[in-house]
Amino acid sequence: MVMTRRVWIPVLAVLAVLAAVVALVLTRQPTPPLSTRVDRVAKTLRCPACNGESVAASDTPIARSMRSEITLQLRKGRSPDQVRQWFVARYGADIVTTPSTRGPELLLWALPAGVLLAGGLVLLVRSRGHRPHVQDSTDLARPRALDGRRVLAAAVVCAAAGAAVPAAVALPGRVGSHAGSSAPTTATADRLGPADWVRLGRSLDRRGDQPGAEHAYRQALALAPHSAAARTRLAFDLLRRGHLSSVERLVRPVTGPPGRYRPLALLVLGLAQRGRGEPFVATLHRFLQLAPDHPAAPQVRRLLRSR
Amino acid sequence: MTLGRRLLRPFSLTIGLVVAAGLVVGLGIALGARGGEAAGRAMLGAPAPALRGTTVTGVDYRLHPARGHLTLVNIWAAWCAPCRDEIPLLARAAADYRTRGVRVVTIDTRDGPVAARALLSDAHAQDLVAVKDPDGRLAVAWGATGVPETVVVDGHGIVRARRLGVVSRGWLDSQVRRWS
């Protein structure tokens, strides 16, 4: 049956009204909070110092800096696409997590599609050529379990080989770009040690970024769980922010053995014990005995006298 | 058995699919790992970004790259061990190159001014220009992927080279010769 103009016009009119209603509903949706919008953009950008992590997922200093930039640009009213373009201009197209549809990246799109297409064709051909199968004596004699194992073993080897070839081709190129000298690559430079994390924590602490400092100290602690510096600094940071629950557990191992951080650890422990009477006084007395000239000593003496 | 029939056997099919899946995974890993290298090249040949701010000693600073001076811009932080090793070399280079009209400017990223000043003082590098970048935005604007990192900007304000990691005096000299 052929549709006449009399039928088409009302259909188009209804569609136009529906489109207008949908557009109205979409535009009246509340704008998500800034943190959500920052997170959405950060998830579409690759952390340039990491392997396979997005800016949203990474905790490296550069990823944190990139999140600061995204926040500022979105706050200025730039669209997510404009923000992404800004990063592409500085870091190249690879900074976007969605693979490009040009160059070698095209294979990432084409290969799965090709495999699906080929698989579909093969299934089609096989189903057409399928006949009721009568097992003969030689089929019955074949060790089928062995075939399964062979298939599995070969599959694992082939998967490893398939993955290794492009990785082997591309990875030396990456290292080679900095080869020829003993200078560390960015990845090496970014691999901070516990002492570096503690220094970063102290820098952030002085800037008043205490959550950032806590993060840095926790990174140091993850790398060196017995680090007196990381334990004491983290405990001090938590104490000043009133998060007392884990201060004592963190700092107590540092208060026993002699060491550079022992006086500060005793001070932190003593202050965390405030309101607990005897332990509070005893710990702070130990602090004063160990470090009578500590900058905090006069204040601690006043605190003890006031009791 | 013909080649077509052989390819249609379950064993051949499985192997084919697994190799293809492996290729996709491997390619993904390889392209993902390539990010840092590509990032380093992205700004080459483009105009240098703005560099304006306050130095760690509290002085307002603004870089005018397109005024005929070759400029070496180094991004560092006091909490980064390789940067601490590199600062004395940069300070010496800055002093040596000054008479040749080459400037060395640094960006002190995600750092505290006290720690930065202490490091510059320890390294006898108080004359080194160090612009504060407390939230890391200047480093990102310059396309940094980590610290330390050094960018070479020619006298026309165009980014010419970039070094990820610690620089050597030989590399600095070669860049100065090439782009002066």
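Reading the terms in a predicted two-chain model

Guide: In chain B, 73% of the contacts with a separation of 6 or more are between residues 24 or more positions apart, where two residues are in contact if their C-beta atoms, placed from the backbone, lie within 7 Å. This is a predicted model, in which local features need pLDDT of at least 70 and side-chain atom pairs count only at pLDDT 80 or more, while totals for chains, interfaces and linings use all residues. Residues are numbered from 1 along each chain as its sequence is written, and chains are lettered from A and ligands numbered from 1 in the order in which they are written.

Visitor: What makes B:R110 count as buried?

Guide: A residue is buried if 20 or more other C-beta atoms lie within 10 Å of its own, exposed if 12 or fewer, and partly exposed in between. B:R110 has 27 C-beta neighbours inside 10 Å and therefore counts as buried. B:R110 is found in the loop between β4 (103-109) and α5 (113-122) of chain B, and its phi is positive, about 45°, although it is not a glycine.

Visitor: Why is B:H124 called exposed?

Guide: Because 12 other C-beta atoms lie within 10 Å of it, B:H124 is exposed. B:H124, too, has a positive phi, about 50°, without being a glycine, and its place is the loop between α5 and β5 (129-133) of chain B.

Visitor: Why does A:H226 count as exposed?

Guide: A:H226 has 10 C-beta neighbours inside 10 Å, so it counts as exposed.

Visitor: Why is α2(A) called oblique to α3(A)?

Guide: The axes of helix α2 (residues 34-43) and helix α3 (residues 61-75) of chain A come within 9 Å and cross at roughly 125°. That makes α2(A) oblique to α3(A), because angles under 35 degrees count as roughly parallel, over 145 as roughly antiparallel, 65 to 115 as roughly perpendicular and the rest as oblique. Among the residues making the contact are A:L34 and A:V38 of α2(A) and A:I70 and A:L74 of α3(A).

Visitor: How confident is the predictor in chain B?

Guide: On pLDDT, the predictor's confidence in each residue from 0 to 100, chain B averages 87, and 79% of the residues score at least 70. For the complex, the predictor gives an ipTM of 0.79 and a pTM of 0.58.

Notes
Axes fitted to C-alpha atoms, helices over the stretch in contact; angles between N-to-C directions. Helix = DSSP H or I, 4+ residues; strand = E, 2+ residues; numbered from the N terminus.
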